Structures are given as structure tokens and as C-alpha cells.
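Subject: Structure handover

Hello,

Here is the structure I promised you. Please open it next to this email and follow along.

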Amino acid sequence: MLTITLNRPDVLNAVNLQMHDELADAFNFAATDTDSDIVVLTGAGRAFCAGGDIEHLARNAARPELFDHEARIAKRIVFAMLDLDKPLVCRMNGHAIGLGATLALLCDVVIAHDGAKIGDPHVCVGLVAGDGGAAIWAQRIGLGRAKEYLLTGEPLTAKHAAEIGLINHCVTPSQLDDAVTAFCNRMKHGSMQAIRWTKVLMNLELKRVATAVMDAGIAYESVTARSADHREAVKAMQEKRRPVFCTDNTKL
């Protein structure tokens, strides 16, 4: 078993440029690692992933052309995860927000502890949920529910997420490691070839959806990365206040 750990615990594993660029490489490494048949994705410390690092968001808001690089990498991350033929289990040890939610939900099975929350608040910072959220949320909980959560950015508790099928299991913090280990062991003693190819077969539909929406999603997100609303949202985060968004949608 191979474990990939998001390792910036001092900032709740918020994603900066370095982590963003390394994620696709990590999943590509996992695909070719001959010493593992199962991959676990988790976070260091008390969070899974808090989404985008504020300083990183501010840098991109000031120079939005820098976002275009990340837009290209975002597509690589999504397809590196979907192309991974090994079972990918999310050990969601804390909050999974924004890209963190996408990373969790692109895993095959998500096991979270009951103190965690999951949500995609792209719209709350003036951005389109174009880095994978629009592709995966509807596949897990249906279009109607996905729209409710992606259009509002409202986070869900792990308990509620499990109840509606967004994640697979919600357990107490003390049960998390045992639950992940038990599920991995259950697969480890199975026919790994059959398990892998069943995953490949089921991911064909996910890859079709991702292919259909990712380019448009990244393009829309790149536009909003240049918007007054996004700049205001980043400034509001830095000043620890509510953003005041532009009511004239023509002023991008």
C-alpha cells in the first residue's frame, strides 16, 4: 500500500504553487510504483486540505496570467487520478475544501471522520468551480444536489455527506485508521487484476464527463480569475471580512 500525504499541516494543507504542481506527478508515480497495489490519499495534521493558500490566491489575483499555468495543471491532476488503475482510497482526516474536496471526491472510496466538513466554495471567492468540481459532484450525488452545493459553496458535515452518498463512510476520529485499513485489507486479499480493471471500466464514464467539461470549466475559471469579484474576495479574506461582490455582471 502506498500513502500520498498532503503535507503542509501548518496551513491546513492549503494548496500553493509547489503542491499544485506536484500533485499530478504524485499520482503518476503511484501508477508506476511496483511495490503497491492500493493507494491512500490523506492530509498531515488536523485537516485533509483547506483549498487554495490565501497568499497564493492573492498572487494570482494580482497577476491573473499566472493562473493559466495552474489551469493546465488542474486538468493533469484530474486525469492523473482518473487514469490511476489502482484503488484510490481517501482517508479524509479533516476538512476538505475547494480543490481539497475535488481531490477527495475523485478517489474511489472516501472515508471521513465525523468532525470533518467537505465543500467547494469556488463561487464564494468569485471563481467558477472549473478545476474538477463540476465534473465529479454530479456524478456522486446527482445534478440537482450538486447544483445546490456548487452554486452556494455551502459545506456539508461528513455525516450529511455520507447520508446523501457524496462520501462513502463517516466514522469517529478514533475509528478512522481502522476503517481505512480494514477496507484496504479487504481489497488486498481479492483478485487485484479484477479489481483494477473494474475500476478502469467504471472510470471510463468519469473520464468521458471530465473530457466534456474540463476545458470549458478551466476557461470559465480563468475568466473569473481576472474578475473584480475575485479580487474583492481575496482582499476580503486578507482583511477577514465578507466580500462585497459587483452587482453589474458586465464589469469583469
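Which order do the strands have in the open sheet of three strands? The order is β4-β6-β7, and the pairing is mixed. Strands β4 (96–97) and β7 (156–157) are the edges, since each pairs on one side only. Keep in mind that this is a predicted model.

Look at β6 (residues 117–119) next. Two bridges link β6 to β7, and these strands run antiparallel. Ile 118 has Leu 156 in β7 as its bridge partner. As background, strands of a sheet pair through backbone hydrogen bonds, either parallel or antiparallel.

Now turn to β3 (residues 88–92). Four of the five residues in β3 are buried. Strand β2 (residues 39–43) runs parallel to β3, and four bridges join them. β3 also pairs with β5 (residues 109–113), again in the parallel sense, over four bridges. Leu 41 stands opposite Cys 90, and Cys 90 stands opposite Val 110 in β5.

Is Val 40 buried or exposed? Val 40 counts as buried because its relative accessibility is 4%, and the cut-off for buried is under 20%. Beyond its neighbours within four places in sequence, Val 40 is in contact with several residues, including Met 1, Ile 4, Val 89, Arg 91 and Cys 184. Glu 163 is 123 residues from Val 40 in sequence, and their C-alpha atoms are 23 Å apart.

Best wishes

Conventions
Residues are numbered from 1 along each chain as its sequence is written. This is a predicted model: local features need pLDDT of at least 70, side-chain atom pairs count only at pLDDT 80 or more; totals for chains, interfaces and linings use all residues. Side-chain values use heavy atoms; hydrogens and water are left out. Buried means under 20% relative accessible area, exposed over 50%, partly exposed in between (1.4 Å probe, protein chains only). Two strands pair if DSSP finds at least two bridges between them. Contact means heavy atoms within 4.5 Å.
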